[in-house]
Amino acid sequence: MVQRLKSWWKSLSKLEDQPVPERDPIVNSSLAIPLALSSLLLMLSLVWAFYEEGWGLRPWRVYQDEFQELFVSALEKKKPVSREEEQAILASSGYQELLARLRQAEESRQSDLQSLEQQEQQIRQRLAILTRPFTTARSEIQAKRYEVETASASSRESLARQLDELRQRNYRIEFPDGPQDYTFGELEEEFNALKAEQGHVQQRKVELLRAPARLQRQLNEYVNNRLAGLTEVQLDGLIGEARGQGIYIRQIHNPEINLVDRCESCHLGIREPVTLTADEMGGRRVFVSHPRPELLALHDPETFGCSPCHNGNGVGTVSVTKAHGKYKHWLWPLFAKENFEAGCLQCHQNDRHLRYADTLTAGKDLFQYRGCMGCHPRDGFDTEPRETREVQKQITDLFAEKQAEQLKAERLLNLGDRAATNEEANQLYADAQAVTLDVAAIDARVDQLRVRADELLLEVKKPGPNLKEVRMKLRPEWIPRWIENPQAFRPDTKMPQFRLSPEDVQAVSAFIWQSGVEGPLDRQPQGNAERGRQIVESRGCLGCHSVGEGEQQHGGNFAANLSRVGEKANYDYLVRWVHAPRRRTLPYCPVHARDITPEDYAGQGLPFRFDLEYNRCPLGDHSLQVQNQNVMPSLRLTEQEARDIASYLMTQRHADAQYAPVPFIEDQALFDRGRFLVRHHGCAGCHEIAGLEDEGKIGTDLTLEGSKPIERLDFALLTHDAKKEGWYNHKGFFENKLRNPAVYDQGKIKEPLERLRMPNFHLSKEDIDRLTTFLLGSQESVVPEQYHFNPSDQRADVQAGWVVVKKYNCMGCHEFYAGQPTSLVDLPQYQGDGREKLPPNLIGEGARVNPNWLARFLENPALSREDVHRNGVRPYLDLRMPSFDLSAGEVQKLVKFFQALSRQPLPYLPVPQEPLTDRELVLARGLFTSQAAPCLRCHATGDPRTDQTKTAPNFALVSERLKPDWTRRWIVHPEIISPGTAMPSGLFREEAARWVFALGRVPGLESYPGDHADLVVRYMFQFTPQEQRRLTGR
Amino acid sequence: MADTTSQSETNNEDREAAKIRRRKFTFACIFAFLGANFLMTLRFFFPRTLFEPKTTFRIGYPGDFPFGVDTRFQQKFRIWVVRNTEGIFVIYAKCTHLGCIPDWVESEGKFKCPCHGSGYDQEGVNFEGPAPRPMDRAKVELDAQGQIVVDTSVLYQCPPGSECQFNRSGAFLQV
Amino acid sequence: MDWAQLWEIVSLPDNVPIVALMLLVPFFMWYGLRQSFATDRMIARLEADSKLAKDHHRKFEPYRKGWDQKVHVWPYLLRIELLAAVVVTLILMVWSITLDAPLEEPANPNLTMNPAKAPWYFLGLQEMLVYFDPWIAGVVMPTLIILGLMVIPYADKNPLGNGYYTYKQRKFAILAFCFGFIVLWLAMIFIGTFIRGPGWIWFWPGETWDHHRLVFEVNRDLPEILGITQQPWVGIFGALATGLYAWAAGWVCHRFLVWNDFNKEIYARMTLTHYLIYQFFMITMLSLPVKMVLRLVFRIKYVWVTPWFNV
Amino acid sequence: MADEKSREEKTPVEEASEQAEKKSPNVIVRIKETVLPFIEKGKEDVRAAQDYKKSQVWKSVFRHQLDETPRNRALAVLTNVFLHLHPAKVNRDAVRFRFTWGMGGISFYLFFVLTITGVFLMFYYHPSKGQAFQDIQFLENDVPFGGLLRNMHRWAAHLMIITVWLHMLRVFLTGSYKTPREFNWMVGVILLVLTMLLSFTGYLLPDDQLGFWAVTVGTNMARATPLLGHEGPFGPELGMTPFNDVRFALLGGSIVDANALLRSYIWHCIAIPLILSVFLAVHFWRVRKDGSISGPSPAVLESELKKVRK
């Protein structure tokens, strides 16, 4: 051995003098061993390849084997349960009775059925015998006829004769009951006759069987409706199916959107008709059935597949990682559990509120409430400013067009004057005429746009308050404290924390303070804090605001927590604010881009007055911004109430709160620096700030952030950690950014102004998940346009409506769909009987109220210009429907929204009531006023004396406010429409297809043939002032 | 394969034999490998999934179909819907002779195959030409909404001699 | 030392062949040269002793009188070919089973891969792009390489070493070729694959490929450094500089050509055309390393700047 | 069996046989007479089958037997269409792996493997944008052995480039390009280029980022072609634009798009392989005609060289 090695080494070093062997090495050496060895290895590699093909690369085979066993055993376990249930049902009287009827029906028909079947049998026989000869004959004759039709005149007769012979030829048919002779004509008749008879018999059979069939159906339904799961038989069916299932790739293929999904090759339980839980399936989560079958019902997997919603590589089958798209080169990895609703956005980009997608909707809400949209453009959010710009542009364009048209008209007229012939001239004049008409049309359009522009002035809102008023509103000491760290002062505030140095804070505060406007502010006497507190608790402030801190905190979280207002606010201003939140000190003129001062008005010799009517700019013919751009509505409080509330709020403070004096706040030197910082940090995105009204958004557009190439998301120095720790993906980027917006500055040496600007919102884990979901979903859709949810019918109104509803937080007080939480419903004062004091729920509002009335109500909930300190409909409620000063457009959207929600047609054309005859009038009044009927005990009648005590809406309003058919349903079955209402049920009982008054007797009523409920409704809808006086006059 | 000239020792024979054995083994392996490759290529031509059009589809409500032959779906699904006294059934438009698509000749009330002239009456029963049996019928059933669902992957035949499947439930709808 | 990074690059499916290449080439270099040296030693012996030279079979392979000079292809050659085929197939099978051919994201014209690399066997050219303008690196150079390879048989007038491994008899040819093949071609590929990271920046093996890495690279033209800024002077200077280089390189190559008596012999056999072809290709070949040094060490971009082209 | 034979015998002359029957009632004898010859013939076949090597079919296929006589060894090579690329005998040391490294042969074998695997891949590949990428996925996920085939094709391609380079290295080291083999070296260089082009054109076909950008980078160099590229020296002067220069010719467009995919597909699958196999033929032919492979030939001494001169 050693020798060998030595010689080998020698051969390596000194090739030329290797020992020369005895026998010629070339011809004597053998390659057999290496050959044998290598070919053996070759075989092994082959085996390996087969293994990979059979199992290694085909995991779904294994899954499907496993599933079959687990599934069958799971079903077996279910069987006994459903058997018991089924037994119980089968034993139930209802079933037995049905069964008996079925049996009886079947027996009664037995004999007829048999006879029919015999008949049919015979007919079949005869047909069987007849068909062949008949069809042969027919084809022969048809052929011959064709010859005749196409024959030349000469040969025609002979052929025609042949045809006749054929027709006359005798066909002998061997029926079992002896032969029979036919000509073709008879044969045909016979054939058709038999056919007809056969049909007839079958028809009879069907009719005969109809009744039993129906019973059978009822029987099955009876069981299925009462059975929770499947019947034992069905289960057995499933088991058989499962056992019979081969092993193959399960595939959904929709060529329209070029979709191929094999997810179900492993997730076999997804669409099974029984619900499979993980522990039923031996703890294997792959095999569970879809947790939201109702979603599958809406989106048929055969059409939509899986990957459009869930992402992942639908085609992949070679390994779980590949199939889930969790590898470097797949751009759409499976959504994580907490983000899967992101998939909804593929098609539901425009749904502000999406059912079944609570996380996503919450994400969108946050995006709006927390003011993300203040800095980040995103389709469907904060659209008003853009629309304003567009409208303005259109107006200017139209003006240009108009001028062009006018010139053209003139030119045409001139040409006409100089025209050679009369015809020509007339033609030209006519054209000129037409052009001038166009001009008129343009004017009309411009007017419309102007109106829209004014609306938009009202609709533009900012997430934060108007900072022009700080001088009047705030205590200067408080400002820097707040800017430095808002959460320290108010933990759940929506104002984020900016990363500012102390100097910057001073500069910013100084700028804010100095840029504020001064204005007349009348001194207010103190109010009664205790009463103030009661008002806050009862009037509905808590729908949006919360009071109290920590444990005591209660109320809505849409607007600020009021617990420390006392430390920051100026009492006089607070009174004004509470009384008229939208009231500005100075109007703002978008055209001149500045606030209009009393001097400006004086200069034009105008009184310094501005509000929704007086909204023209004194310096030119255009509209002013006359309201603060905040959503806080007016509760139509009296001055006194306002004072009380303000006084109460001033008591809301930490006794020990200390504020250092702020000499710098008036320091002019800081102004520019402050202004620069404010712009740099985009404060104007959320606040109205003097001189920065038209600032653009400073953030990235997030509309398609979810499909940005990962390379373009700047992980900066964290890239490698991210890759190592496995969060180098969109989810990871968003989550970390939201948790700590400065995170990607880590380790980088930057000038303060180069640093990332996004402030810290101190979001909770849940909120981060919600926003991440929203952002992940904000993708370029892989699903083609025609699959997106862009309805053109009423559902579009719903989409538009939700935007408004969310904008003004209507959901803080009202319930829009069953089970929707409101801010009020959990408050102690609304428990038990307190429920009565809650605002009405708006489920089915569209069906209830007359849309035209609703529009009026929305723009003025007091339903009166004078007596405004009250509810228009429910004066008896302490809670008050506030005035939002909605624009006409928003009102329209809301009305349409409600109509659409309850599938009501627009415009609403009420069905004309047939007038009450005098007799009916008497009867109705009698019924109405009778002691038996408690109507007037609760319902107001518009009589100030009695109405104080009333606890239900006013009758006088019914005819304009409600819809008759709804009213009728309401008085008959209130508890169905609004569970737990105070309106008593059972006022009427059904009697011979009409509703009859059920409580006590009303003179003359029993003799009335008509429907009593109907009578009442008509009475109410024809409720005249005289009638009212009659009622109240007693 | 070594040269055979120079060998005289005694143990040469069995060395030779061993060599032969190895040679045999080697070639066995190599040919086995090639054979296996051949089989692999055969399998290679049968992919596991296809992307062909669906064979089940909805064609509307029974009310949509008057008595007689309805050729609406011939282009799209290659079927005729026929209604007669017995009910509604679906003929799969494929001549039972050589699989051409026959034409519905309204004037003569028959299906005529352009290829070899097989003729079928309006229930698809052959009465002339080389066709061996009536045209096959596709499976029909009503779904929950009462729409007709046709499944052309399930066909009912009526070959002469053996029993006719046209009376099976599924071969036609009673209405 | 970022081992993860290193492994990521080395184990990249498409880089595996390069790794193999980096192992195979040295091996076969050794494998061949070893035989060359053996031959050389033998030759030396024969040169020394003319008697031996007469009846020696002139190969280092062992040989006895009587062994046949030629052997049958069947079986002696075919069996080897068979073995080779089997082994190659085996390698392919195992390679294909263990390593999947890459399939990355669907092509996206709006998103450039960083780094975006040509197929590995062209990375030499891509690397050259750093040193020359595209028209040279991408077009002229490849053409010259191909032509250069083609003219080798005609430029090489050395009749010795035909059909056997030898170093001594073809020192210059072998050195030149190895320089071209190994230094200028394979080394460039190596750099292009393992050294050039995101943004085509120079990363030493094991250095982390940082997409955000910033490096200070200011590129000046030679004339600038020397303070020449106006055309036509810049152009003229460039022409001169280039000419100078050509002359110097030419001189060096010439020295090689007449290194010793034997080489002189060969030189003597050359016609002018031969000589010019030889010089042309040698000069161009040498220009690459020169430019590399200028670029990498002195950060010089162009030597010759004209309105139409830059060198 | 028997009866049939007999009936055949009878049928032609029925009346006659009837008469015959009348004459001699002994049918069995006559049946024997007719049947036995057939059995004899059958036996012959069996015997022939036993030493099939003498059969006509066998002889027609195998011209000589495979024993180890020198003649047959030569014939084995010469009479075989595939093997006759080789001479009957070669230089004794030329069969040493050590000398040839076998790289030429391996390259050829790889080319062969690539052709076969390539043809199979074509069964599932459509050279159209979007579809192409899906087809690759389809190969991997659904097609039995599809993934394996694709891998083989790619790796064989890479391997081939390596072997070709090594082949070149070897040929240089042994100076085998020298007279009389200069031309074959040239052909070899062409083959080398073709090999790389073949691999390069295949790179784009999966239509993924890797191929797309590799090809983009590769073809962008063509922009700078002097005179013929729109970014090359004197290109613009000659009116070169992105729409009429070399690169356009390569890609069938100003960007790497559907046309480029189709073009590279056709170059890859038809054009280049054809050209390459032509040159391959020449290459092999010349190897034989230039006196088989170069060596190892006996070393020539410098001293002898002088004699060669003058």
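This is a predicted model: local features need pLDDT of at least 70, side-chain atom pairs count only at pLDDT 80 or more; totals for chains, interfaces and linings use all residues.
In terms of residues, 96 from chain D are in contact with 107 from chain C.

Polar links run across the interface as well. Between chain D and chain C there are 53 residue pairs in polar contact, counting pairs with both residues at pLDDT 80 or more. The tally of salt bridges between these two chains comes to six. One of them brings together the side chains of E61(C) and R98(D), at 2.6 Å from N to O. As for what chain D brings to its side of the contact with chain C, helix α9 (residues 146-173) of chain D supplies the largest share, 18 residues. Sorted by type, the chain D side splits into 61 nonpolar, 19 charged and 16 polar residues.

Strand β1 of chain C (residues 70-72) pairs with strand β1 of chain D (residues 89-91), running antiparallel over three bridges. Within this pairing, V71(C) sits opposite V90(D).

Turning to covalent links, the structure has two disulfides over all chains. One of them connects C100(B) and C115(B), with an S to S distance of 1.8 Å. The link is left-handed, at -110 degrees about the S-S bond. C100(B) belongs to the loop between β4 (87-92) and β5 (103-105) of chain B, while C115(B) belongs to the loop between β6 (110-112) and β7 (119-121), so the bond ties together parts 15 residues apart in sequence.

Methods
Residues are numbered from 1 along each chain as its sequence is written. Chains are lettered from A and ligands numbered from 1 in the order in which they are written. Side-chain values use heavy atoms; hydrogens and water are left out. Contact means heavy atoms within 4.5 Å. A salt bridge is a side-chain nitrogen of Lys or Arg within 4 Å of a carboxyl oxygen of Asp or Glu. A polar contact is a pair of N or O atoms within 3.5 Å; within protein, one must be able to donate a hydrogen and the other to accept it, and residues adjacent in sequence count only if both atoms are side-chain atoms. Helices (H or I, at least four residues) and strands (E, at least two) are DSSP runs, numbered from the N terminus. Ala, Val, Leu, Ile, Met, Phe, Trp, Tyr, Cys and Pro count as nonpolar, Asp, Glu, Lys and Arg as charged, and the others, Gly among them, as polar. Two strands pair if DSSP finds at least two bridges between them. A disulfide is a pair of cysteine sulfur atoms within 2.5 Å.
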